[in-house]
Structure formats: C-alpha cells, structure tokens
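Here is a short briefing on a structure that may be new to you. Look it over, then read on by topic.

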Amino acid sequence: MSIFYFIAFLSILFSLLVIFAKNPVHSVLYLIITFFTFTIHYILLNAQFLAIVNFIVYMGAILVLFLFVMMMLNLNKDAEPTKSIYVKMIGVIGGGSLLVTLVAALKGLAKSQPVVLQNVNLGSVQNLGKVLFSEFLLPFEVSSILLLSAMVGAVLLATRDNKPKVTV
Amino acid sequence: MESLTQAIKIVPLNHYILLSAIIFSIGVIGVLIRRNAIVVFMSVELMLNAVNLLLTVFSVYSNDPNGQVFVFFIMALAAAEIAIGLAIIVMIHRNTNSIDVDILNRLKW
C-alpha cells in the first residue's frame, strides 16, 4: 500500500520540477524520472507490456529525441525571457481551478472500491497480442500508416531547402 | 511479481483518479506559464501520460484488456506527434532564431 503512495509522491514532485526548472535540459532530465515513476506504476498494476513499451518508447526514444533537438538548437545557455508574474499567477490559478473542479467532481462519487487485479495475465504480452491482432487489427494497420506519414512529414519539415526550387 | 500485485490491492480507485488529475493539472499549468516551446511540448507529454495511467487503471479495475490496447495506440500516436512537433520547432528556430511561443502570434514572420 505504502509503495503506491511513495511512487505517486515522486511522480507529482518530479512533474512539478519539470515545469518549474529554469534550464530546459534539467526539465528533460526530470521528465525522464517522471516517466520512470510511471513505468513503476504500470509494473504495480501488472501491466507488463505497457511498462516495457513505456520504458523503451518514452524514456528511450522520445526523450532522447528531445535531448537531441535541444543539443541541435543549442538552447542550453540563453535563458528564455520569462513571462510576467501576473501571467504566471493567472496560469497557476487557471490550472488550479481545473484541479479543484476535478477533485470536487470526484468528491461527488461514492466511496470507491479498491483496484483489484482479477486476472493475473491481463496485461501480459500474450493476452494483449491476442486482443490487438483480432479485435484491433484494422486500427493497428492504420497506425502503421500514421507512423510512416509522420516520418515523411518530419523529414520534409526538418530538411533545409537552401537551393532554389527547380520547376519541372 | 505476485507480491508486487498484492501491494496495490488496498489502493482505492479514487486515489488513482486523484493522482492523474493532479498530474494533468500540472501539465496544464506548464502549458500556461512557460514560453519555451519545448517545455510546453513536454507539458503536453505529461498530460498524455496522466491519461494513459488512468486508462490502464480502469482497464485493471474492470478486468478488460481493451483499455491497455488503447494506451498502446496512444503511445504510437504520441511518438508521431513528437516527431512532427519537434521538426516544426526546429523549423521555427531556423526562421526566427528563437523558440519563444509568444513570437508566433502573427502566423507569419
């Protein structure tokens, strides 16, 4: 029981550090730790497949991509011009009132049941693979097209066209 | 593994919802108060992950694997979104020499 609350505390602490760190590189490093705590949450829920995918895709691929872009743009030294304190306060108040609304809606619910894992194999690779390739076969194939188009689009956007366009 | 799954048996569903709501709100605050486009992007990632965690919890709660398959699709979508978004940020930085989101309010440069 206590391990969940400890990990949840770490998740909240490091996600606060992500948005309040001055240096964007530190933000990325804190985000890596935040995603690691999410991986631990998945392991606690016995969602093994998602834990591994979260570990590889988010911590391995996406955050390395963030770090590479930051290295390419050389953003390490020049600090961003910060917003005025009023705009920041309005932002915090806006997000805080969203949180208050969500919590108030949660209070309206009845006392909740504990989360109990009924089937130990629920999140295993075998079980999810069976569902993915029978019920969700079409969305799976469509998502491959999405990834292909994203790759083409990223290459198209990021290449610099310094030579004049040749009209055919 | 078995002892780990024993550990969550006492955690009520509301506490998971509360955790996800807090992290989602932190993401919203991050989008509102930062001017660095990459940090804004990371806050969006934080919000996506809060929703992913909640979907997984509901999937375990109602013993239905469909929720975890949805999380898998959201992760594929997030990867595509990150690739495109970072390419756009690189392009913006090349054109304006800055990644301040406040310069981009004119839709041209």
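The model is predicted.

**Chain B as a whole**
- Chain B has four helices and zero strands.
- Along the sequence, the pattern of chain B reads α-α-α-α.
- Of the 109 residues in chain B, 47% are buried.
- Take the contacts in chain B between residues at least 6 apart in sequence: 41% of them join residues at least 24 apart.

**Inside chain B: H3(B) and H4(B)**
- The axes of H3(B) and H4(B) cross at roughly 175° and come within 10 Å.
- An angle over 145 degrees counts as roughly antiparallel, and H3(B) and H4(B) are therefore roughly antiparallel to each other.
- Residues of H3(B) in this contact include Phe41(B), Leu48(B), Leu55(B) and Phe58(B).
- From H4(B), the residues they meet include Phe70(B), Val71(B), Ile74(B) and Ile89(B).
- By class, the contact of H3(B) with H4(B) has twelve nonpolar, six polar and one charged residues.

**Where chain A meets chain B**
- The contact draws 74 residues from chain A and 66 residues from chain B.
- On the side of chain B that touches chain A, the elements giving two or more residues are helix H1 (2-7), helix H2 (13-33), helix H3 (37-61) and helix H4 (66-96) of chain B.
- H4(B) gives the largest share of that side, 22 residues.
- That side of chain B divides into 48 nonpolar, twelve polar and six charged residues.

- Helix H4 (residues 85-107) of chain A and H2(B) have axes that come within 8 Å and cross at roughly 160°.
- That angle makes H4(A) roughly antiparallel to H2(B).
- The crossing of H4(A) past H2(B) is right-handed.
- On the H4(A) side, the residues include Lys88(A), Gly91(A), Gly95(A), Leu99(A) and Leu106(A).
- On the H2(B) side, they include Asn14(B), Leu18(B), Ala21(B), Ser25(B) and Ile29(B).
- The contact of H4(A) with H2(B) has 14 nonpolar, five polar and one charged residues.

Conventions
Residues are numbered from 1 along each chain as its sequence is written. Chains are lettered from A and ligands numbered from 1 in the order in which they are written. This is a predicted model: local features need pLDDT of at least 70, side-chain atom pairs count only at pLDDT 80 or more; totals for chains, interfaces and linings use all residues. Two residues are in contact if their C-beta atoms, placed from the backbone, lie within 7 Å. Ala, Val, Leu, Ile, Met, Phe, Trp, Tyr, Cys and Pro count as nonpolar, Asp, Glu, Lys and Arg as charged, and the others, Gly among them, as polar. A residue is buried if 20 or more other C-beta atoms lie within 10 Å of its own, exposed if 12 or fewer, and partly exposed in between; C-beta atoms are placed from the backbone. Axes are lines fitted to C-alpha atoms, for helices over the stretch in contact, and angles run from 0 to 180 degrees between N-to-C directions. Angles under 35 degrees count as roughly parallel, over 145 as roughly antiparallel, 65 to 115 as roughly perpendicular and the rest as oblique. A crossing is left-handed if the near helix is turned anticlockwise from the far one by less than a right angle, and right-handed if clockwise.
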